[in-house]
Every structure is written in structure tokens, then in C-alpha cells.
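Trainee: I would like to know what stands behind the labels used for this model. Can we go through them one by one?

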Number of protein chains: 2
Amino acid sequence: MSIFLKVVPVPEAIAAVLRIARHPVNETVTLEGAGGRVLAEDVRADADIPGFDRTVVDGFAVRASDTTGAGEAIPAMLRVKGRVEMGSAAPAPIRPGESIYVPTGAVLPVGANAVVMVENTEMAGGEVLIKKPAAHGENVLLHDEDFSRTDLVLARGRRLFAQEIGMLAAVGCNNVPVFGIPIIGVISTGNELVPVTRVPDSGQVRDSNSFMIGAFVREHGCTPKYYGVVRDDRNALRATFRRAVAECNAVLISGGSSKDERDMAASLITELGEVIIHGIAIAPGKPTIIGRAGTTPVIGLPGHPASAFIVLVAIVRHLLNAMTGDAHPREMRVPARLSQNVPSPKGREDYVRVRLDAGVATPLFGKSGLLNTLVKSNGVIRIPAESEGLEAGAEVEVWLW
Amino acid sequence: MSIFLKVVPVPEAIAAVLRIARHPVNETVTLEGAGGRVLAEDVRADADIPGFDRTVVDGFAVRASDTTGAGEAIPAMLRVKGRVEMGSAAPAPIRPGESIYVPTGAVLPVGANAVVMVENTEMAGGEVLIKKPAAHGENVLLHDEDFSRTDLVLARGRRLFAQEIGMLAAVGCNNVPVFGIPIIGVISTGNELVPVTRVPDSGQVRDSNSFMIGAFVREHGCTPKYYGVVRDDRNALRATFRRAVAECNAVLISGGSSKDERDMAASLITELGEVIIHGIAIAPGKPTIIGRAGTTPVIGLPGHPASAFIVLVAIVRHLLNAMTGDAHPREMRVPARLSQNVPSPKGREDYVRVRLDAGVATPLFGKSGLLNTLVKSNGVIRIPAESEGLEAGAEVEVWLW
């Protein structure tokens with residue numbers, strides 16, 4: 001029943017999770033609730049934006065040709081035909097020799113093609129003295145300068161941050177088509193695990209992985225569904241696993257750091273579906289399982305917290321991004337110099353936790369059962385499978401977390 | 001009544017918002033809901049973590065001295081006294097010449113001080129052949145190797161990401177003391193603004209700032225409270241402003257791109273409290289107001305979307321981070337080379353939107369009334385007040401958004 005641990009390279013593991021990722025059905029949310037969601041359809045401008053020529057300064061709308069040669073000494077003199085009120089149409093068109101006052105953002109009257117800033121003018125009775133010439137188009141925002149009607153404004157697969165939300169508001173997209181939020185089942189296994197609320201006896205540890213994984217899932221735009229700690233009992237695990245597969249869009253099982261436990265998880269996945277990958281050439285995190293039950297992706301994570309976290313960052317992240325529909329997930333990578341030598345065997349990708357400070361990445365070595373290196377680090381460096389390690393002073397890329 | 005626009009440098013504006021920031025009263029949340037929140041108290045280990053010496057491999061617990069000189073040719077032979085079950089105490093201590101099987105994560109029996117990996121052993125009846133010597137402490141995680149009882153685990157002011165959540169779970173901190181979530185009032189003003197659901201007439205534009213600001217507020221761990229669009233009417237604005245100040249921990253008013261409107265917002269803040277700064281040496285975003293009504297911070301943002309967004313990123317972000325209690329907010333800055341010359345007048349900080357691609361930052365110039373440069377860019381570069389611009393090829397720091 002034991003499934004052989006044939007390790008595959010990290011890129012192959014990533015390709016596998018991308019292949020099995022499915023996003024939930026689309027839904028429609030209002031703009032208030034759309035922040036952080038991912039667009040499920042292209043959004044186009046419903047009209048020209050801003051929709052009318054408008055001034056970008058407080059000043060006088062003019063025909064540029066009426067201001068040619070104007071200066072402090074010999075200003076141009078134009079008849080003022082009133083003012084445009086914000087949000088209203090212009091009271092009249094302007095003809096040669098005429099001008100209308102326009103506050104910032106107001107409509108440019110028909111006939112005008114430039115605005116002279118109020119600082120460069122002087123009122124004189126019903127007329128205005130223009131002391132600086134205006135070029136055609138000066139201080140004017142054209143009616144379709146932001147977007148023209150039917151222009152693609154934002155593409156499907158775009159995650160919506162503040163600026164995209166503003167953009168959707170501008171084109172009147174209040175009912176936003178977004179991908180559904182994936183529900184990710186989180187199961188911890190292990191007879192040594194006790195719930196967080198319990199004081200562990202000797203031999204027991206609290207289940208830290210469930211909540212760590214759940215928080216990671218949430219940070220990546222998915223909703224965790226917790227199934228708690230399941231004992232290493234085949235029937236109990238099968239029942240919980242089946243329930244999670246039925247209720248969730250993907251399932252993450254953590255635990256099974258010993259060989260017996262790993263084998264049980266793998267054989268259960270085989271019983272209910274298919275193990276695609278069992279073992280990844282990554283350290284820490286080698287005993288990772290990628291599989292599916294029906295069309296539901298299932299990942300078996302190592303039980304050691306630091307191992308589980310690295311697999312979340314290096315592998316599961318790609319699954320979650322794909323399941324949310326995010327076509328261009330943000331990645332935070334910054335260059336740094338390594339503070340000391342880091343050895344690494346050829347043939348596996350090593351993920352070394354680092355503390356990045358003022359451009360220097362200091363490795364934090366520690367056993368993968370420890371949590372303190374995770375909270376003391378702020379990122380990780382990757383040593384490729386083909387490398388035998390890095391030397392002090394080497395330029396590295398830190399993936400921030 | 002007009003308040004003079006005396007511009008201050010950006011660092012002074014940041015100092016001002018930090019001075020007026022207050023965080024709401026603390027609250028307690030469960031671990032499930034603690035992701036993204038900020039710790040309001042130091043958290044210490046309630047016991048040694050992991051709490052007992054444990055093995056990090058599947059193997060045989062031994063006294064290291066019993067394995068000295070062991071090898072393939074002449075293995076050490078030890079009597080096997082059973083196995084430790086996961087989550088249970090060891091069945092017996094081990095004495096010289098004895099061994100107990102331990103699965104990964106299990107308790108190390110009393111008397112043992114190392115573990116030999118199962119791969120380097122062979123069972124022979126009731127005895128095990130040890131084919132590789134083990135050093136003292138080898139493959140063992142000590143009972144306080146992660147944290148000792150009363151060690152500071154996480155400090156007040158720490159924002160809780162997945163790894164911190166795992167850490168809190170490990171120390172049994174299920175009731176997490178966090179800072180309250182600030183409620184940020186969002187008001188848009190301007191007679192030209194119509195709600196998102198309306199089709200604008202000539203002279204009108206949709207209110208894109210409210211939702212953009214609200215989404216930004218949410219991305220920074222606060223909850224927006226929307227007050228909609230208020231017409232440029234002193235009484236209407238005063239009523240809404242008063243309500244927002246009473247109901248929120250801070251208020252952001254956007255709009256007032258024309259001088260009249262700016263003056264009205266400033267004079268209202270003066271009426272109900274104090275204008276601290278009116279005008280910042282930043283472009284875009286100069287006509288920004290920083291003030292307070294009672295102890296409630298109030299920021300008047302420019303009406304142009306791109307200006308408002310830059311002020312959110314450069315100034316308001318600091319206010320929101322401080323109000324959430326976040327002592328070490330994440331900043332995403334990456335180095336890049338500039339693709340072309342960018343001029344900038346001395347004496348003001350210019351914030352130029354850029355598209356960062358493969359280490360090259362391409363400036364996206366555009367009027368501050370436009371939204372398209374915001375959604376086409378993925379960050380901003382800052383040209384300091386003392387600089388007269390940057391040349392093509394210059395090394396710049398891109399603040400990603």
C-alpha cells in the first residue's frame with residue numbers, strides 16, 4: 001500500500017497545481033464589496049471618460065487665437081459671458097472676443113479650446129484682461145482623454161485594488177462580475193496534536209498548522225473552512241476528508257510527518273482519487289503530496305510548521321492564485337546581498353528563511369519543526385536545484401512574506 | 001474667511017498625521033479572526049515550546065555513547081524496548097545498551113540523547129543494529145528550542161500574518177489582544193459628482209473617489225464608512241461632516257478641486273476644529289488639508305483621482321497604519337532603472353506613476369484628473385524636493401502598489 005516517494009522538481013509541482021486548479025462560478029458584487037476580488041469579465045468604458053471637455057484649473061475659457069501675443073504690458077481684452085457652474089452645462093457658447101469663467105473641473109464652453117489660469121488674468125468691469133497667451137488645448141482635459149467609449153478599461157483576471165475600484169466607479173460598473181471565492185478545506189492530522197485551547201501533555205503539541213494555513217488561505221483571497229484535528233485513524237480521516245472534498249473547492253491536509261502517517265494520507269487520496277505527485281525536490285517540504293479527489297485539488301502538507309509554510313509559499317500559493325482567477329498575482333521580490341555562505345546540495349531547491357535588513361539578507365537556520373525562524377524572518381531565498389550553495393556577498397532575490 | 005495655502009514639505013505632513021493618529025480601544029478576537037489584525041499586547045510563551053525533547057526523524061532513540069564507532073561492518077547492537085506512540089509519553093526510560101523506536105515528532109525517552117535514522121539501522125529479532133554513530137543531540141529538537149517559557153514571542157504592534165498566527169496557536173493564544181479596527185468616514189463633495197449608478201449629464205462625472213478611497217482604507221486594515229456625495233453647500237457639508245466625525249475614528253473628505261470648494265472645506269474644518277496643514281509640497285496633491293475636529297483626524301483630499309491617490313499613498317497611508325497600531329508596516333520598494341528623463345521643479349516632491357517591468361521603470365505621464373495612468377502603472381517613484389529631476393538610466397526606487 002506504500003506509495004513510493006519519487007521526488008519531482010519544484011517547477012513540475014507548480015505546473016501540476018496549475019493544471020488541477022479550478023475557480024468557482026462567477027458572481028456579481030457591488031463596488032463596496034469588490035476590493036480584493038478578481039474580475040471575471042473584461043470591463044469596457046460605457047461612455048467617453050470624462051465625457052466632456054473640462055478645465056483642469058480655475059480660469060477663463062478662451063479661444064486660443066484670441067490670446068496670441070497677450071502679455072503683462074499688452075493684455076488681450078475679452079468680454080466675460082458669465083461663469084460655468086460645477087456640474088452644469090455652459091450657459092452659452094463663446095465666440096471670438098468672448099470668455100467664460102470656469103472653476104476647476106467644469107465644462108469647457110462650446111467654442112473655447114483653452115483655459116487661462118485666473119492668476120494670469122485681471123477683471124476689469126465686464127471684461128477680463130488676459131496677460132498670458134494660451135496654447136490650443138492648454139489646461140483642458142479632453143472628453144475621451146481617460147478612456148473612449150468601448151475601450152477596454154480592465155481585463156478579466158485583474159485583481160481589484162483601490163485604483164481599479166476607482167476606475168470601475170468612473171465607468172459606472174457598480175455590479176462587478178468577479179470570480180467566486182474558493183473555499184479551502186483545512187485538515188490537521190496527528191495523534192500528537194491537541195487543539196489550541198488545550199494545554200499539551202508530554203508528547204503533545206498544539207495544532208498550529210490549521211490556523212497558519214487558514215490565515216495564509218485568507219491572505220490569498222480564499223476562505224478557509226476548518227475541520228480541526230483528526231486522529232491518525234483511517235476511518236476517521238476518510239470521513240473528514242470526504243466531507244471536506246464535498247464541501248470545498250480544494251483541501252489542504254497537514255500532518256503526517258512520520259512515514260506511516262504520510263503513507264496513510266497518500267493511500268487515502270489514492271482511494272478517493274489520484275496521487276499526482278508524492279515528494280518534491282524542495283527543502284524543507286519534501287514529503288508533499290499533490291493529488292485530487294474527483295476534480296477537487298488535494299494537497300498533503302508536511303507536518304512541521306516551517307516545512308508546511310515553505311510549501312505554502314512555493315507551491316500552494318500558485319494553486320490559490322489560480323483558483324481565485326488572478327492572472328497576474330503580485331510577487332514581492334527584492335534584490336539583496338547575502339550576509340554569509342549558504343551551502344545547498346545539488347538536485348533540490350533549498351528555501352532558506354532570511355531576515356532582510358537594509359539590503360542585506362541574513363539566513364536564519366533552524367530545524368523545520370520550529371516556528372521562531374518564521375516569525376523572525378521576513379522572507380525567503382531560493383537556492384536553485386542546480387546550485388551547490390551561495391557565497392557570502394552573493395546577490396540574491398528575497399521573496400518577502 | 002479664505003485660509004492661506006502655505007505649503008509644507010512631505011515629511012512635515014507625515015509627522016503631522018502621525019501626531020494626530022489615535023487607535024481605537026483594544027479588543028479580543030479568536031485566532032480564526034486574527035489574521036491581518038495588529039497585536040495590542042506583547043505575547044509570551046506559556047510554556048517551553050515544543051515542551052519536550054522530540055525526534056525530527058523516524059528512527060531509534062539511543063544514548064549517543066552507545067553508538068560510538070558503529071558502522072556497516074561492525075554495527076552497535078541495542079536491545080529494543082518497544083516504540084513511542086505519537087502523542088504519548090515514552091513507555092520506559094532507556095539505559096545503556098537499550099533503544100526505543102520513535103516516529104518523527106515523538107517524545108525522546110528519558111535517558112536517550114540522540115536518534116539514529118531508521119535508514120541506518122536494521123532489526124534483528126528483539127535487537128536493532130546501529131550502522132552509523134549518532135552525535136549527542138543528533139536529530140533531536142530540544143524542549144525549549146523554539147521558545148522558552150516566558151520568552152517574548154511576538155511584540156505589541158505586530159501585524160499578524162499566517163506565520164504569526166501559527167506562532168500564536170503554538171503558545172495557546174486563542175484569545176488574541178488586538179487593536180480595534182479604525183472606522184474611516186469617506187465623504188465626497190462637488191456639485192459635478194453623481195453616484196456611480198447614474199449616467200452623468202454633460203458637466204457631471206461619477207464619484208470615483210469614494211470607492212477608491214474606501215478600498216484603500218480597507219487594504220490598510222481599516223473599515224470605510226461611506227457618506228456619499230454631498231453638494232457644495234455649507235450647511236449640507238457641515239451636517240454630514242459632523243455626523244462623520246461623531247461616528248468615525250477619522251474622516252477623509254475628497255473633492256474641492258476648485259479654489260472656492262477648497263476654501264469651504266478648510267473653513268468648515270476650522271469651524272469644527274483646527275486646520276493644521278493646508279497645502280503640501282507634493283505633486284500631484286498640493287491642495288491637501290490636514291486637520292482635526294476634536295481629537296478626530298480629518299484629511300481633505302484633492303478631487304482629481306490621481307492626485308487623491310498619490311496623497312493616499314504618500315500621506316494617508318501613514319495615518320491609517322498608525323491608527324491600526326501597526327508598528328512596522330510593510331513597504332514594498334524595489335530598485336529599478338528609469339527609462340527616460342523626468343524633469344521636476346526644485347522645492348516640491350514629485351510622485352511619478354510608473355510601469356515597472358523587468359527592472360525598468362517607465363514613467364506614465366498624464367493629467368491628475370485621469371484614472372488610466374493609475375491602472376496602467378504598478379507603482380510610483382518619488383523625486384525629492386531638492387532634486388531638479390532624474391535622467392534616463394538613473395537608479396530609482398519604485399514603491400509598488
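Mentor: Start with a pair in chain A. A:Arg83 forms a salt bridge with A:Glu85, the closest N and O atoms being 3.3 Å apart. One caution: this is a predicted model, where local features need pLDDT of at least 70, side-chain atom pairs count only at pLDDT 80 or more, and totals for chains, interfaces and linings use all residues. Residues are numbered from 1 along each chain as its sequence is written, chains are lettered from A and ligands numbered from 1 in the order in which they are written, and side-chain values use heavy atoms, with hydrogens and water left out.

Trainee: What makes A:Arg83 and A:Glu85 a salt bridge?

Mentor: The rule asks for a side-chain nitrogen of Lys or Arg within 4 Å of a carboxyl oxygen of Asp or Glu. Here the closest N and O atoms are 3.3 Å apart, so the pair qualifies.

Trainee: Why is A:Arg83 called partly exposed?

Mentor: Buried means under 20% relative accessible area, exposed over 50%, and partly exposed in between (1.4 Å probe, protein chains only). A:Arg83 has 34%, so it is partly exposed. A:Glu85, at 43%, is partly exposed too.

Trainee: Which label does A:Glu164 get, buried or exposed?

Mentor: Its relative accessible area is 4%, so A:Glu164 is buried. A:Glu164 forms a salt bridge with A:Arg158, with the closest N and O atoms 2.6 Å apart. A:Arg158 is partly exposed at 24%.

Trainee: How do you know that the pair A:Glu145 and B:Lys367 joins two chains?

Mentor: The closest N and O atoms of this salt bridge are 3.1 Å apart. A:Glu145 lies in the loop between β10 and β11 of chain A, and B:Lys367 in the loop between β25 and α7 of chain B, so the pair joins two chains. Helices (H or I, at least four residues) and strands (E, at least two) are DSSP runs, numbered from the N terminus.

Trainee: How many salt bridges does the rule find across the interface of chain B and chain A?

Mentor: There are 4. Another one is A:Arg206 with B:Asp46, at 2.7 Å between the closest N and O atoms.

Trainee: What makes the two copies related as by a two-fold axis?

Mentor: A rotation of 180 degrees with 0.0 Å of shift along its axis superposes chain B on chain A, RMSD 0.0 Å. The two copies are thus related as by a two-fold rotation axis.

How values were computed: Least-squares fit on C-alpha atoms with pLDDT ≥ 70 in both.
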